[in-house]
Every structure is written in C-alpha cells, then in structure tokens.
Amino acid sequence: MAVSVSGKSDQRDIHAIRQAYYDRISTRDMAPLWEVMKDLVPREPVTACVPAIWHFAEVRPLVEEAGTLITAKEAERRVLVLENPAMRGKSRITQSLYAGLQLIMPGEIAPAHRHTASAIRLVIEGEGAYTAVEGEKTLMKPGDFVITANWSAHDHGNTSPQPMIWLDVLDVPTVNFFEAAFSEHLDSEMQNTAREDGDSLARYGSGVLPDGTEPMQRTPIVNYPYARMRPILERLKRAGDIDSRHGARIRYVNPLTGGWATPTMGAHLSLLPQGFKGAPARSTDGSIFVCVEGSGATKVDNQMLEWSPGDVFVVPPWKRHEHHATKESVLFGISDRPAQELLGIWREER
Ligand SMILES: [Fe+2]
C-alpha cells in the first residue's frame, strides 16, 4: 500500500500505521532498524560509564571492616567491588572491566581456583602476602603488578603480621559478554609451589629467554615488582622522555611477543614530574588508575578527581582527561585497550 506523508493528519496516520506494523512484526520477534539506527551506530563513542574516584582513606576502614564479617575462606575472595556509579548492580567499573579491593588478613588463605577471566593485582597496602600462580609463589609489595592469566590456578595467603589490600582488575564482563566463562575450584587450598619467588621474572624478564620458549598470548611473568619498575621511570624522567599527555610512561609487556601482558587488559605505569600539567588525551578505552605515589588531580571533562596514594579512579571511554601533579607522582593505569586493538576498533585522539 502506498502511503502519502504530506500534511498533518497524514503524518498522524503514518505514525499510527507504522506503529501498527511494528506491533505486528513484533509478534514475530522482529523490529525496525530505522527506529534504533542512531543509537546502534553513533557518530562517536557513547558511554554509560561516568568518572568516579574511591579515596583510599575513606574506603580503607570499610574494606577492613569486611575482615570482621567474613573470612577469606568463607568468602573465597573477600573483595569490595568498585561499581561504576552509573552502572550499579552490574559488578563493573567500565562496561568491559571489573575492579575490586581485596583484603586478606594475617594467617588467611584465599583458596586455589582458576577461571577463564584473567586477573591482575596492583598492591595498595601491606607487604608479604603471596599469590601463587602456576607453581610460583610471589611475595607482594606495594606497587607490584601481579598477573594471574586466563585459566591459571591461583591462591593467595597472608603470612605477614598485617592485613594486605590490593586492587583486583578482571576482564569478567568481557568474558561474560561472550558467555564463555568457566571456573573450577581446585582440590587443595594451596598449590605446590616448586618455583622460587621471582623465577618467571628472572627467566623471561631479563632480556633473554630460555632456549626453545614458544610464544604465548600472554606474559609468562607473574609479578612485575615496583622496585624494578620505579627506577626505569626515573631514567625516562632524567632523559627527558616525558610524553606531554602521559608523562614518563612504561607499558607492561609480554616479553615473548612485545605485546600487552594479557590479550584483554593492558597496563601502564607513569611518572608525572612535580608540577606536570598534562595535555588533554582521549581514547576509546576507559581506564582505571591507581595513584601509587604523590598527589594531584585528573580533570575529566569538567570534573576534577583529586588523588593521593591508594586512590582508585576511572576515566570513561572517549572522555578527554588531563593529569596534573602537585607532587612528583606515579600512576598505574589499566584498560581494555589490547582487546580493542585485536578487534581493530581502538582509537585515540592525537
Ligand atoms: Fe581468582
């Protein structure tokens, strides 16, 4: 049937006719693309995520209180999830990444398990708890970047006298988006740890590789200790290798390929000299930052997120942001950039 669309009453008619048609096709589980096309294919990235910051001084007592409510064994992992304020109830800080603050008290064990999702830890407070991954038991210190890659068995334990808190970031929402998640509890709480602490860093992170090493999609290094990374930032700073947006920045790599540490999550460590006023940057990956040292603020659009050590904040995808440092500062940052690069969709504004 040909329909005229001229005139006001005709306009009303066409809307009614179209709606009746949409209702009919809806009974067959079909819908008109032209009604949703603008939302499906936006002119530029649209995010449901908002900028947010969790100040460590404010949330630390709440994290510690969880230690009185539930044991690590009972909880399996005693973690407070950092939920993006615009996506409450979805256990995520960005659409693709989960983040949480994990507490492990002296003497506790978080039992061995494995899952399809990859996890990273960035140690915020405490020293001496361990993560055991694939037979290597690594003792963790503040600023250490620890990886438990896809399907690798891992357990944590705290043999130190103090509580320990770290940031967990996992690609859980990404894996769940694909509906590809598996997990498994292992029979023993703790793995056999035949390899000494630092084994994987010595083997793979020293400019050499054990002969015959085959490339892997993700790094074989379990812990990138802050004590090894910090002096590298200092060298970059002394040499003046300071990016106008990101400061003196290093990228955590998979030494077997030069690629990112994991295929889904990529991390950086940046030194911002005292008084640094970063140029605006934006990219399609939303980033989670942790202030490891110093103090300053990150301007996201017109919002200022003021940070000091232990604070965790999130910059949504494609939001312009600028880092300002009042003291010499070190920021850890992590995002889904590797996944976007593999899919060919990552972009940045330069
Ligand atoms: Fe886990």
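The model I am reading is a predicted one.

I then listed the donors of the iron ion and found the NE2 atoms of H113, H115 and H154, at 2.1 to 2.2 Å. Along the chain these donors follow the spacing H-x1-H-x38-H. H115 belongs to strand β4 (residues 109–115) and H154 to strand β9 (residues 154–158), so this pair ties together parts that are 39 residues apart in sequence.

Next I looked up helix α1, which covers residues 8–26 and reaches 27 Å from its first C-alpha to its last, close to the 27 Å expected. I noted I14, Y22 and I25 as its buried residues; seen down the helix axis they fall within an arc of 75°, so they line one face of α1. The face turned away from that buried side carries the exposed residues R12 and R24.

Last I traced an open sheet of six strands, which pair antiparallel in the order β1-β19-β16-β21-β14-β13. Its edge strands, β1 (52–54) and β13 (248–251), each pair on one side only, and the twist averages 20° from one strand to the next. Within this sheet I checked β14 (residues 266–272) against β21 (residues 329–335), and seven bridges join the two, with L269 standing opposite F332 in β21.

Terms used. Residues are numbered from 1 along each chain as its sequence is written. This is a predicted model: local features need pLDDT of at least 70, side-chain atom pairs count only at pLDDT 80 or more; totals for chains, interfaces and linings use all residues. Side-chain values use heavy atoms; hydrogens and water are left out. Helices (H or I, at least four residues) and strands (E, at least two) are DSSP runs, numbered from the N terminus. The expected span of a helix is 1.5 Å times one less than its number of residues. Buried means under 20% relative accessible area, exposed over 50%, partly exposed in between (1.4 Å probe, protein chains only). The arc is that of the directions from the helix axis to the C-beta atoms. Two strands pair if DSSP finds at least two bridges between them. Axes are lines fitted to C-alpha atoms, for helices over the stretch in contact, and angles run from 0 to 180 degrees between N-to-C directions. Donors are N, O and S atoms within 2.8 Å of the metal (3.2 Å for Na, K and Ca); water is not among the atoms, so sites may look incomplete.
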